[in-house]
Amino acid sequence: MHIRIEGLTHVYAPRTPAERVALRGINLKFAPGERVGILGPTGSGKSTLIQHIAGLLKPTAGQVLLDGIPAHASTAEARARRRQVGLAFQYPEQQIFEATVFREVAFGPRNLRLDEAEVARRVRWALEMVGMNPEEYGERVPFALSGGEMRRVVLASVLAMRPRVLILDEPTAGLDPQGREDLLARLDAWQRETGATLMVVSHHLDETARLVDRVIVLWEGRVVADGPARALLGDGCLWRSLGLVPPPEVTLLEALRQAGWPLSPDCWPREELAREIVRAWRERAGSGKAGSVGLFG
Ligand SMILES: Nc1ncnc2c1ncn2[C@@H]1O[C@H](COP(=O)(O)OP(=O)(O)O)[C@@H](O)[C@H]1O
Ligand SMILES: [Mg+2]
């Protein structure tokens, strides 16, 4: 699906004392199959932006076009586009309402009026996709699950709709490191298999780096950076401007570059940085200077 955002502005509670301008004239374009990270500090407008892409909010000004159709319109063709945009909210408890995990994941496919055998197939497939055994979890009560499990159920519900655009708001919050790795690997495989557009909202820059090719940074409702993930995420200034501590490999890369090592600023992730360091070391060794290579001089 082609997504185009033109002059999108969103004001919450306009003309009241609680007025908040959340988005200020956003312009963006996404081609089908793009893998995009949306980053920015808390309150920068990330959740508001993606709710607009899913057609859940009405723009104060500007518009979001899904294959040329305004996302928020009440026409049948707009509804058909919205159904193809799957959004997993930041807070899963806002999205769960059925009494069992099976019914929760089946809700969307049943609304598509698929027959029950197909619904059951989709539910099983979607639960397996998020690493949940359908036999073990199907009859459990969603609200009695842990936060991380609820998040998986919501993701399964969204996947069961076979979206062409999948948007995840802070998908790995509440997951342990192993669960996080596991989920990212599954999402990665799913995207490659389906060619869907993937958007991941996160303030974990590391996990974003694993999953996306393009990064958009929001700041106070504006897009302040938009570019290749590798270059942006290897940039210590970007991390610090977001109020985050860069990961050790970014700090190391910066220190080595400052000391004159011929390293590319976008060697990322860490495996690649390690290879680059070895290459630079060998080059220096070849020119007889290896002995004088020091981090600080
Ligand atoms: N439902 C709402 N009512 C009023 N203000 C809101 C609402 N949701 C978000 N905001 C405000 O809009 C701004 C952007 O919020 P949000 O899109 O949630 O940012 P992020 O997801 O980046 O943390 C913030 O100032 C926030 O307080
Ligand atoms: Mg948010």
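Q: Is the crossing of helix 3 and helix 4 left-handed or right-handed?
A: The model is a predicted one. In this model, helix 3 and helix 4 cross in a right-handed sense.

Q: What describes the packing of two helices?
A: Two packed helices are described by the angle between their axes and by the distance between those axes. For helix 3 (residues 101-111) and helix 4 (residues 116-129), the angle is about 120 degrees and the axes are 9 Å apart. Helix 3 and helix 4 are therefore oblique to each other.

Q: Which residues make the contact of helix 3 with helix 4?
A: Helix 3 contributes Val101, Phe102, Val105, Ala106, Pro109 and Arg110, while helix 4 contributes Glu116, Val119, Ala120, Arg122, Val123, Ala126 and Leu127. By class, ten residues of this contact are nonpolar, three are charged and none is polar.

Q: At what angle do helix 6 and helix 7 pack?
A: Helix 6 (residues 147-159) and helix 7 (residues 177-194) pack at about 5 degrees, with 13 Å between their axes. An angle under 35 degrees counts as roughly parallel, and helix 6 and helix 7 are therefore described in that way.

Q: Which residues meet in the contact of helix 6 with helix 7?
A: From helix 6 come Arg152, Leu155 and Leu159, which meet Gly179, Asp182, Leu183, Leu187 and Trp190 of helix 7. Five of the residues in this contact are nonpolar, one is polar and two are charged.

Q: Which protein donors does the magnesium ion (ligand 2) have?
A: The protein donors are Ser47, through OG, and Gln90, through OE1, at 2.1 to 2.4 Å from the ion. The pair links distant parts of the chain, 43 residues apart: Ser47 lies in helix 1 (residues 46-53), and Gln90 in the loop between strand 6 (85-88) and helix 3. Gln90 is partly exposed, its relative accessible area being 23%.

Q: Where is Asp67 found, and what is its phi?
A: Asp67 is in the loop between strand 4 (61-66) and strand 5 (69-70). Although Asp67 is not a glycine, its phi is positive, about 50 degrees. Asp67 counts as partly exposed, at 30% relative accessibility.

Technical notes: Residues are numbered from 1 along each chain as its sequence is written. Chains are lettered from A and ligands numbered from 1 in the order in which they are written. This is a predicted model: local features need pLDDT of at least 70, side-chain atom pairs count only at pLDDT 80 or more; totals for chains, interfaces and linings use all residues. Side-chain values use heavy atoms; hydrogens and water are left out. Axes are lines fitted to C-alpha atoms, for helices over the stretch in contact, and angles run from 0 to 180 degrees between N-to-C directions. Helices (H or I, at least four residues) and strands (E, at least two) are DSSP runs, numbered from the N terminus. Angles under 35 degrees count as roughly parallel, over 145 as roughly antiparallel, 65 to 115 as roughly perpendicular and the rest as oblique. A crossing is left-handed if the near helix is turned anticlockwise from the far one by less than a right angle, and right-handed if clockwise. Contact means heavy atoms within 4.5 Å. Ala, Val, Leu, Ile, Met, Phe, Trp, Tyr, Cys and Pro count as nonpolar, Asp, Glu, Lys and Arg as charged, and the others, Gly among them, as polar. Donors are N, O and S atoms within 2.8 Å of the metal (3.2 Å for Na, K and Ca); water is not among the atoms, so sites may look incomplete. Buried means under 20% relative accessible area, exposed over 50%, partly exposed in between (1.4 Å probe, protein chains only).
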